[in-house]
Amino acid sequence: MPEGHSVHRLARQFNDVFGGAVLAVSSPQGKFTAGALLVDGHVLKRAHAHGKQLFLSFSGDRVMRVHLGLYGAWDFGGDATFTGASSIGAPRRIGEQELSGESGAWAETGPPEPKGAVRVRLVSDHGWADLRGPTACEVLTHQEAAAVRGKLGPDPLNNLPGDRDEFVRRIRKSATGIGQQLMKQEVLAGVGNVYRAEVLFRLGLDPMLPGKALSQDRACALWEDIAAVMADGVRDGRIITTELDDRPSGLGIAVGFVCGRPDDARYLGTASNRAGTNPNKEVPVEDAHYVYKREGRPCRHCGTAVAMAELAGRKLYWCPGCQGG
DNA sequence: GATTAATGCTAAA
DNA sequence: TTAGCCTTAATCT
């Protein structure tokens, strides 16, 4: 799936284009008809991301919880008002990867005929959003939604006071390898298989190192780096974890160049993205990662062949040279 | 055209 | 630990 950064982009998108609007909610595919009826005709008050979960709060104590899973995605489209409000500008799909496209002649035609299995369709006066392929999609009360959030660890993209220390406490509590722990949403919410591998490389940490053996300082550094690199992901709409000097193409900007949270005023958000001035757009895919999906290829730092092993059903990539053992 | 793997997770075994 | 979810893009015949 889309790791946490995509879900934060989605939350921002929903607030921008649908915030405060009455929405018609339906399930063209039919699998979510009962849930859709619970929120149909209600006002979307706020969208909120916690890790990989998206919470859409509607009037009437209804919260739609969406988890995209491995291949879920949202498509957007609408008129000029809709597009103008959108902070993501051109991309009209947000999911595992973002696709660009035109939203079509909304004014004359309305939303397009749903193609394939559209689980949920949201329609406002100005635009539409289609959800396909989610792992989870349900309507809860605020209390039930809070219970779900309560099970999640801190989200580095929300980075609330105390979050870092809570993460440090949780990861150091268990003897389980830190590589496995970074994927546990109750330890920290939002990191997936790409960020896991990349961040451990960036810190020079052995994925098999037991949480208990990770020093307080290293654990703090790990949190800070995850927060920085994922904030870049929210800005860029893609995962780029290499430092500028480590990219053969030499393109793009340094990691953490514009730091801060997605709601930070300094954030390279709305205007820049819409103007297409995000410099990291130019970073070639083959320059974007240190170890993820680079099995057998030489490490960018030491030349050792990048290793891969299946761990708890997911592929783990690391450099045996830099991340020792 | 068919097959596979994928940035995820849950429930069953 | 494995099957299943249910979609897409890339890779195969």
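The model is predicted, with pLDDT of at least 70 needed for local features and 80 or more for side-chain atom pairs, while totals for chains, interfaces and linings use all residues. Side-chain values use heavy atoms, without hydrogens and water; residues are numbered from 1 along each chain as its sequence is written, and chains are lettered from A and ligands numbered from 1 in the order written.

**View 1. Protein residues around DNA strand C.**
Q29, K31, Y71, R93, L99, A117, R119, R132 and G133 surround DNA strand C (near: a heavy atom within 4 Å). Of the atoms of DNA strand C within 4 Å of the protein, 61% belong to sugar and phosphate.

**View 2. Packing of helix α1 on helix α9.**
Helices α1 (residues 4-18) and α9 (residues 216-236) pack at about 45 degrees, their axes 8 Å apart (axes are lines fitted to C-alpha atoms over the stretch in contact; angles run from 0 to 180 degrees between N-to-C directions; helices are DSSP runs, H or I, of at least four residues, numbered from the N terminus). G4, H5, H8, R9 and R12 of α1 meet M230, G233, V234, R235 and D236 of α9 (contact: heavy atoms within 4.5 Å).

Notes. Helix = DSSP H or I, 4+ residues; strand = E, 2+ residues; numbered from the N terminus.
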